[in-house]
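Here is a short briefing to read alongside the model. Please keep the structure open as you go.

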Amino acid sequence: SILYIKKDLALQTTMEGLVVAMSLIGATVITTCSGPISDWLGRRPMLIISSVLYFLGSLVMLWSPNVYVLCLARLLDGFGIGLAVTLVPVYISETAPSDIRGSLNTLPQFSGSGGMFLSYCMVFGMSLTASPSWRVMLGVLAIPSLFYFILTIFFLPESPRWLVSKGRMLEAKKVLQRLRGQEDVSGEMALLVEGLGIGGDASIEEYIIGPDDDDDHEETTDRDKIRLYGSQAGLSRLAKPVTGQSSLGLGLVSRHGSLAMDPLVTLFGSVHEKLHPETGSMRSALFPTFGSMFSTADPHIKNEHWDEESLQREGEDYISDGAAGDSDDNLHSPLISRQTTSLEKDLPPPPSHGSLLNNIRRHSSLMQESGDPVGSTGIGGGWQLAWKWSGKGEDGKKQGEFKRIYLHEEGGTGNRRGSMVSIPDEGDFVHAAALVSQPALYSKELIGEQPVGPAMVHPSTTASKGPIWEALLEPGVKHALFVGIGIQLLQQFSGINGVLYYTPQILEEAGVAILLADLGLSSTSSSFLISAVTTLLMLPSIGIAMRLMDVTGRRQLLLVTIPVLIVSLVILIIGSVVNFGSVVHAAISTVCVIVYFCFFVMGYGPIPNILCAEIFPTRVRGLCIAICALVFWIGDIIVTYSLPVMLSTLGLAGVFGVYAVVCVISFIFVYLKVPETKGMPLEVITEFFSVGSKQAAAAKNE
């Protein structure tokens with residue numbers, strides 16, 4: 001539309017650039033505050049505001065009597081763009097199951113390219129008329145923005161992770177049940193609560209895990225064995241620690257032959273190398289009847305704030321203070337209740353576990369039609385969530401420890417380590433790696449503050465006490481910020497905007513427009529038609545990326561597609577320098593531009609936003625995403641305004657040369673610094689960043 005705006009309003013070059021840049025400026029400004037505000041208000045309200053800004057901006061653009069009003073409208077439009085681009089990947093990552101999160105997060109790329117194709121088709125059709133209206137071109141945005149508003153108001157639930165971070169457990173549970181299509185979401189609810197913690201002392205351990213034959217769940221007398229508990233009722237498991245370095249821990253010191261390889265990359269890689277297809281789904285049944293922390297509770301205590309989700313079962317004859325109110329602000333109704341305190345742990349459980357536990361057991365298992373159980377401890381990607389309690393020491397004075405564990409089957413059964421543990425039935429034992437850390441429900445900040453037991457206070461109340469900026473100094477968060485900022489900056493400098501903005505000029509110089517002129521099309525209509533065809537060819541490529549994002553993974557897609565970008569740019573440079581003849585030059589340039597676009601949208605287009613939405617803890621996700629998005633928009637502005645200067649000084653071949661060099665740097669950065677996150681729960685990813693960063697730093701110091 002700028003071609004027609006320039007003629008209609010008689011714009012000078014400076015004002016023309018300002019009209020184009022106002023949306024970028026608006027997106028950059030709104031991005032600086034979008035993250036913290038979304039952490040405060042929620043993801044859904046910010047997306048609703050985005051749709052309203054789109055709608056208002058389109059109406060003002062449709063009316064614009066002069067360039068100043070048009071700039072204001074473009075600013076409003078930029079605000080809507082900034083909110084959508086920043087928060088949509090966050091929302092999708094926080095709501096999607098881990099095994100399809102990458103595919104769903106590629107949808108914005110698909111819908112964006114589809115929208116570009118439709119807009120080019122519309123503008124191409126209008127360019128064939130006697131007097132195309134740029135106001136209609138811009139004002140038509142009101143139609144999709146109205147649909148956007150209706151969808152966000154009536155169909156979009158709030159992010160369950162954000163709800164849990166605010167202590168609104170009942171709402172989070174209902175949203176998860178709606179999204180997952182099942183009633184039993186206790187395992188994932190427990191996972192979301194655990195995701196509220198940041199940092200903490202974490203370690204990588206290795207266990208041989210087998211059945212617990214003790215029906216009374218009394219504390220084991222074998223000091224070499226640990227009883228593990230799950231998030232709901234069932235049999236607990238006994239775990240025997242394996243001495244020596246875990247295969248996951250080896251990832252921290254293994255550099256795959258390269259001193260520059262980030263050990264965190266090999267740590268993530270060690271998980272995916274050992275992931276078997278049968279353990280990679282959300283329905284992983286490593287512990288199909290895993291135990292419950294409720295098995296050690298005293299059911300006769302009936303006046304405390306128990307978990308509301310457990311109290312509202314059918315036939316329940318138990319009412320708590322936490323469940324008595326109708327308010328959703330049930331901060332004092334934690335997922336695991338006060339049975340975790342050391343005082344109660346010392347008391348033997350009564351013969352009958354009471355009506356509370358019986359009701360939980362009756363409703364705890366969900367069977368698929370196929371007959372395969374859905375383990376409530378399964379949290380996606382072959383991972384399981386559990387807790388362990390280590391009792392008092394031999395002198396009786398040492399207080400026991402309560403730890404949270406993320407377990408991942410390593411593909412080997414107990415017979416591979418037969419010397420480590422006595423195995424009556426080899427098929428019942430599993431070899432698993434474990435990420436062990438302080439649980440959010442029993443955090444250091446809560447210990448000593450609550451006389452009735454630290455688990456009586458929801459972790460969100462503790463998480464909100466400290467300054468959020470301090471969390472950015474955690475080693476895992478700093479490491480994730482380095483990866484996120486680096487990949488966003490390199491993506492912008494890899495040349496996509498340069499090739500996108502100058503595609504008509506590139507193809508026109510190559511003689512493609514001359515070929516289309518034989519059809520009776522003007523140069524302007526030809527450029528629109530070429531751009532429409534190019535964006536149409538992107539759509540199948542994005543479809544392939546959606547299929548591969550959760551199969552081959554983000555890292556592998558980048559390592560495969562970036563070299564193709566480099567080759568395409570190099571051939572464009574050669575075509576600009578060497579004279580191949582008009583027809584050959586036109587064919588080479590067209591093919592290279594199309595190949596560049598198609599492979600860019602398969603990898604480097606969607607993956608930076610996907611990664612940035614995955615690698616930060618829940619509490620600071622909005623803030624960190626805002627920082628990365630701010631870098632994205634600043635890079636966009638730099639590239640946009642440096643292009644004319646670079647073209648005048650270096651020429652088109654020189655510009656493509658710079659982009660090719662940046663793509664080479666991008667490949668090296670991805671290979672050395674960007675880990676693979678496919679299929680992993682967000683909380684496990686952030687835990688990996690935490691433990692990997694701290695142990696890598698400790699190894700360097702040693």
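What does the accessible surface of the protein chain come to, and what share of it belongs to carbon and sulfur atoms? The surface comes to about 29200 Å², with 62% belonging to carbon and sulfur atoms (Shrake-Rupley method, 1.4 Å probe). This is a predicted model, in which local features need pLDDT of at least 70 and side-chain atom pairs count only at pLDDT 80 or more, while totals for chains, interfaces and linings use all residues. Residues are numbered from 1 along each chain as its sequence is written, and side-chain values use heavy atoms, leaving out hydrogens and water.

**Overall picture**
- The protein chain has 29 helices and 7 strands (DSSP runs numbered from the N terminus: H or I of at least four residues for helices, E of at least two for strands).
- Of the 702 residues, 55% are buried (under 20% relative accessible area; exposed is over 50% and partly exposed lies in between, with a 1.4 Å probe and protein chains only).
- Among contacts with a separation of 6 or more, 79% are between residues 24 or more positions apart (contact means heavy atoms within 4.5 Å).

**Helix α8 and its nonpolar patch**
- Val-52, Leu-56, Leu-146, Phe-149, Ile-150, Leu-151, Phe-154 and Phe-155 make a nonpolar surface patch of about 740 Å² (residues with over 30% relative accessible area and no salt bridge, nonpolar side chains of Val, Leu, Ile, Met, Phe, Trp or Tyr joined within 5 Å, like charges within 9 Å).
- Helix α8 gives the patch its largest share, 5 residues.
- Leu-151 sits in α8 and is partly exposed, at 49% relative accessible area.
- The buried residues of α8 are Ala-142, Ser-145 and Thr-152. Seen down the axis of α8, they fall within an arc of 90°, so they line one face of the helix (the arc is that of the directions from the helix axis to the C-beta atoms).
- These buried residues pack against α3 and α7 (134-139), whereas the face turned away carries the exposed Ile-143, Phe-147 and Phe-154.

**Salt bridges**
- The structure holds 15 salt bridges (a side-chain nitrogen of Lys or Arg within 4 Å of a carboxyl oxygen of Asp or Glu).
- Glu-683 and Arg-161 form one, with their closest N and O atoms 2.8 Å apart. Glu-683 lies in α29 (residues 682-701) and Arg-161 in α9 (residues 160-165), so the pair ties together parts 522 residues apart in sequence.
- Both Glu-683 and Arg-161 are buried.
- Arg-168 pairs with Glu-171 in a salt bridge, the closest N and O atoms being 2.9 Å apart.
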